[in-house]
Amino acid sequence: MRTRVTIAAVSGALALSALALPAARADEEPAAFTVSNVVVNEGKPVVFTPTGVEPVSVSMTVQAPAGVRSVDALLWSGGTLPSPDDLDDQSWPDMAGPATPDGMLDCTEVNATTATCRATFILRPWRGDGSSWDTLVTVTDKQGGTHTDENVKTFTTKRHTIVRTNASPEPVRKGGTITATGKLTVAEYQFEYSYVPLPNQYVKLQYRKAGTSTWTTLKTARSNSVGALRTTTTARYDGYYRFVYAGDAHRTSAVSVADYVDVR
């Protein structure tokens, strides 16, 4: 048996205006209500490209004492979930919504009290990095009983990062100087909708001798105000050079395409 379940998703203060949450106190909620096995984006961080639009899957198992009638869910970010009275013109947060045309989700009954549910949300953040998100779920059973949990799952989002490398001259005389240049950029989805320079970040220059599979870190470079990278090393053998960025709480790690240099 399959039942239709409404799904909505927003972040921050708008959450309560976009989804009417049933009033429920802990002492009124039947103990048999449970929400478990919540998985967001297949367990991976959500990564935003310059489009600022990312489909995110959410799956869960829900249990209700009189059987599952409906499940409301939302994804939100921005600290403590506010009350509707706190909303004002300055509190519009990042927006998100279900990917399905009718905004509905099919839940499959496992037994008389349990169902598994799944939805795809479209996250559209536009303020800050918003790296930490929460998952709110409200379950309603077939007799009208409800259960709400404001944070059944926390997940993270990051901006996609790209690093590029060029090693020159090519070819180079053995013992000569190789100059490695590159650029570090990150997805910007608020104004530019493109990749923009990422300054003041430390990036490793790595080398792999031709015919081997092991990469060795030679130096650490720092991106300047326009994201540019530059460092030098001594030519010893034919081989490959690349920049590697470790990433951080808001940005993904990145490895450049390796650039081959012929040493003569």
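## Charges over rings

Arginine 159 sits over the face of tyrosine 189, 4.4 Å from the ring centre. A second case involves lysine 209, which lies over the face of tyrosine 237 at 4.2 Å from the ring centre. The model is predicted, and each value in this report is computed from it.

## Salt bridges

The count of salt bridges comes to four. One of them joins glutamate 42 to arginine 118, with the closest N and O atoms 2.5 Å apart. This pair links distant parts of the chain. Glutamate 42 is in the loop between β2 (34-40) and β3 (46-48), while arginine 118 is in strand β8 (residues 114-124). The two are 76 residues apart. Glutamate 42 has a relative accessible area of 48%, so it counts as partly exposed. Arginine 118 is partly exposed too, at 39% relative accessibility.

Lysine 142 and glutamate 109 also meet through their side chains in a salt bridge, at 2.9 Å from N to O. Lysine 142 lies in the loop between β9 (132-141) and β10 (146-159), and glutamate 109 lies in strand β7 (residues 104-109), so the pair ties together parts that are 33 residues apart in sequence. Lysine 142 is partly exposed at 41% relative accessibility. Glutamate 109 is partly exposed as well, with a relative accessible area of 23%. That value is not under 20%, so glutamate 109 does not count as buried.

Another salt bridge pairs arginine 251 with aspartate 248. Their closest N and O atoms are 2.5 Å apart. Aspartate 248 is partly exposed, with a relative accessible area of 25%.

## Aromatic pairs

A pair of aromatic rings is described by the distance of the centres and the angle of the planes. Here the count comes to four aromatic pairs. One of them is tryptophan 133 with phenylalanine 155. The pair is stacked, at 6.1 Å centre to centre and with 25° between the planes. Tryptophan 133 lies in strand β9 and phenylalanine 155 in strand β10, so the pair ties together parts that are 22 residues apart in sequence. Tryptophan 133 is buried, at 0% relative accessibility. Phenylalanine 155 is buried at 7%.

Tyrosine 207 and tyrosine 241 form a pair with ring centres 5.0 Å apart. Their planes stand at 45°, so the pair is tilted. This pair links distant parts of the chain. Tyrosine 207 belongs to strand β14 (residues 202-209) and tyrosine 241 to strand β17 (residues 239-245), 34 residues apart. Tyrosine 207 is buried, with a relative accessible area of 13%. For tyrosine 241, also buried, the relative accessible area is 2%.

## Nonpolar cores

The largest nonpolar core has 26 residues. Met60, Val62, Val71, Leu123 and Val139 touch the most other members. The elements giving two or more residues to this core are β2, β3, β4 (54-63), β5 (68-76), β8 and β9. Of these, β8 gives the most, with five residues.

Which residues does valine 139 touch, not counting residues up to four places away in sequence? The contacts are Phe33, Val35, Val62, Ala64, Ser70, Val71, Gly145, Thr146 and His147. A second, separate core has 21 residues. Among them are Ala167, Ala180, Leu205 and Tyr241.

Strand β16 (residues 228-234) has a covered face made of Leu229, Thr231 and Thr233. The uncovered face holds Ala228, Arg230, Thr232 and Thr234.

Strand β12 (residues 177-188) is joined to β16 by seven bridges. The two strands run antiparallel. Opposite threonine 233 in β16 stands isoleucine 178.

## A buried asparagine in a loop

Asparagine 41 is placed in the loop between β2 and β3. Is asparagine 41 buried or exposed? Its relative accessibility is 14%, so asparagine 41 counts as buried. Asparagine 41 touches Val46, Pro55, Val56 and Ser57, leaving aside residues up to four places away in sequence. Glutamate 42 lies in this loop too, but glutamate 42 is partly exposed at 48%.

Conventions. Residues numbered from 1 in each chain as written. Predicted model: local features only at pLDDT ≥ 70, side-chain atom pairs only at ≥ 80, totals over all residues. Heavy atoms only, no water. Helix = DSSP H or I, 4+ residues; strand = E, 2+ residues; numbered from the N terminus. Buried < 20%, exposed > 50% of the residue type's maximum accessible area, 1.4 Å probe, protein only. Phe/Tyr/Trp six-rings, centres within 6.5 Å; stacked < 30°, edge-to-face > 60°. Lys NZ or Arg CZ within 6 Å of the ring centre and 35° of its normal. Core = buried A, V, L, I, M, F, W, Y, C linked by side-chain atoms within 4.5 Å. Contact = heavy atoms within 4.5 Å. Pairing = 2+ DSSP bridges.
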